[in-house]
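Biologist: I have a model open and want to learn how to read it. Can we take it one feature at a time?

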Amino acid sequence: MPKSLSLRAGLGSVLFWSVISAAFIGPGSVTACAIAGSTYRLQLLWVLTFATFGTVWLQEAAARITIATGSDLGQVITQTYAGKSGRRIAWALFLAIFLGCAAYQAGNILGAVSGLALLTKLPVPALTVVVGLVCVALLWIGSTQGLANFLGLIVFAMGGAFVYVAFGTPVTPTELTKALIVPAIPNGSLLLINGLIGTTIVPYNLFFGSSIVPGQSLSEMRLGIWVAVILGGIISVVLLLAGLLIPSDFSYGHMAQVLTDRLGTWAGSLFAFGLFAAGFASSLTAPLAASITAQSLLGIPKNSPAYRGIWLTVMATGLTFGLLNVTPIPVIIAVQAINGILLPFVTIFLFAAVNNRTLLGDTYRNSLTQNLAMGLVVIVTAILGIWNIWLAIQAG
């Protein structure tokens, strides 16, 4: 392949896979990362390192399965486990993803509306209804990709503003490097740690990404995922660093004020619009991902009444939380943690599928290094999830 075509293909792959990083840079990332910086300083920075590389390893495995077999992750799982046990596994996985999408949607709607309210000062209930109706209309007619891409660009522009702000934080390169690689679990941080993992390694993205793999080579896919996800991870890191500058309890107003003080009024407005854009783009992705997962695991036809009923239910969940006018930040952190706790259940089946010699042969199945990396993600997330559940039971 000529060098110019190879470069173009590589750039196209990075742009294509940026949908994954744009999906996890939503209200959950903005909120969880900034709170982590504001509350625990640099102590939870290692979680973002772990979650970013975990996203790369898991998304690469899911995409590799599709390239090798021509079937997406859900189809491979249902083919692997035949009969009644296969149907039960498919339904269990679907329900886990559906629950995760519904939880995400609550945070997405609350985040989008919070950004709009910060920008316009209009009543929250009215903004919630408008956001919900527009999302339903776009999903119904299927015209979401172009708008989601545009809003994703706004989110990355907001990330650029945070990069500038992060350079003003009083952190030395030595402190930053140490915090990125040395684990710490300060008292009271476990829920937030699960939230940081759940908002970065998004369980539904494994099915969503696997179902949209274009006709790429293995090398193009790997380049696209590595570059796109690492860029998303860098934005998460600078969001946490920007949180260091918030002098009091975290709020979206405080975050906007930090940007305004550092860069001017335009930056505060960009944050408000970026928060809306992140929430709105994710409000289109989460319901759609639930239906795509049902199509993959359960064989539900696209645009059938059941397919539409699934994304409508996910959308209704988010709108209900928005109309109840609940405080957005605690809900957003809680729903990210729920997805962090659900993650091991999904990754165990991905781990089994990507080691299936009969299905993938020796060319595409996991190497020893890949197994160690994926095994680390499964074990760590399982331990943190069980620990979090145990503490919740003890507190109850």
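This is a predicted model: local features need pLDDT of at least 70, side-chain atom pairs count only at pLDDT 80 or more; totals for chains, interfaces and linings use all residues.

Biologist: Is isoleucine 338 buried or exposed, or in between?

Modeller: In between. Buried means under 20% relative accessible area, and exposed means over 50%. Isoleucine 338 has 37%, so it is partly exposed.

Biologist: Now helices. How do I read one?

Modeller: Start with the general idea. An α-helix has 3.6 residues a turn, so residues three or four places apart point the same way. Then check the length. Helix H13 runs over residues 265-298, which is 34 residues. At 1.5 Å a residue it should span 50 Å.

Biologist: How many residues of H13 are buried?

Modeller: 28 of the 34, so H13 is largely enclosed by the rest of the structure.

Biologist: What happens in the backbone just after H13?

Modeller: Glycine 299 takes a positive phi there, about 75°.

Biologist: What is the general rule for phi?

Modeller: Most residues other than glycine have a negative phi. Lysine 121 has a positive phi, near 65°, and is not a glycine. Asparagine 303 is another such residue, again with phi near 65°.

Biologist: Where does lysine 121 lie?

Modeller: In the loop between helix H5 (83-120) and helix H6 (124-141). Lysine 121 is exposed, at 66% relative accessible area.

Biologist: And where is asparagine 303?

Modeller: In the loop between H13 and helix H14 (305-323). Asparagine 303 has 43% relative accessibility and counts as partly exposed.

Biologist: On to charges. How many salt bridges are there?

Modeller: The count is 4. The test is a side-chain nitrogen of Lys or Arg within 4 Å of a carboxyl oxygen of Asp or Glu. Take glutamate 60 and arginine 222. Their side chains meet in a salt bridge, 2.8 Å from N to O. Glutamate 60 lies in helix H3 (residues 45-69) and arginine 222 in helix H11, so the pair ties together parts that are 162 residues apart in sequence.

Biologist: Which residues pair with aspartate 362?

Modeller: Arginine 357 and aspartate 362 form a salt bridge, 2.7 Å from N to O. Arginine 365 also forms one with aspartate 362, with the closest N and O atoms 3.2 Å apart. Here aspartate 362 is exposed, at 58% relative accessible area. Arginine 357 is partly exposed, at 48%. Arginine 365 is partly exposed too, at 22%.

Biologist: Which residues do shared partners join into one network?

Modeller: Glu60, Arg64 and Arg222 are joined that way by salt bridges.

Biologist: What about cysteines? How many disulfides are there?

Modeller: A disulfide is a covalent bond between the sulfur atoms of two cysteines. The count here is 0. Cysteine 33 is buried, at 0% relative accessibility. Cysteine 135 is buried as well, with a relative accessible area of 0%.

Biologist: What classes of residue make up the lining of the second largest pocket?

Modeller: By class, 9 are nonpolar, 1 is polar and none is charged. Thr169 is among the lining residues.

Technical notes: Residues are numbered from 1 along each chain as its sequence is written. Side-chain values use heavy atoms; hydrogens and water are left out. On a 1 Å grid over the protein atoms alone, a cavity is a set of points where a 1.4 Å probe fits but cannot get out, and a pocket is an open set with protein on both sides within 12 Å along at least five of seven lines; lining residues have an atom within 4 Å of a point. Ala, Val, Leu, Ile, Met, Phe, Trp, Tyr, Cys and Pro count as nonpolar, Asp, Glu, Lys and Arg as charged, and the others, Gly among them, as polar. Helices (H or I, at least four residues) and strands (E, at least two) are DSSP runs, numbered from the N terminus. Buried means under 20% relative accessible area, exposed over 50%, partly exposed in between (1.4 Å probe, protein chains only). A disulfide is a pair of cysteine sulfur atoms within 2.5 Å. The expected span of a helix is 1.5 Å times one less than its number of residues.
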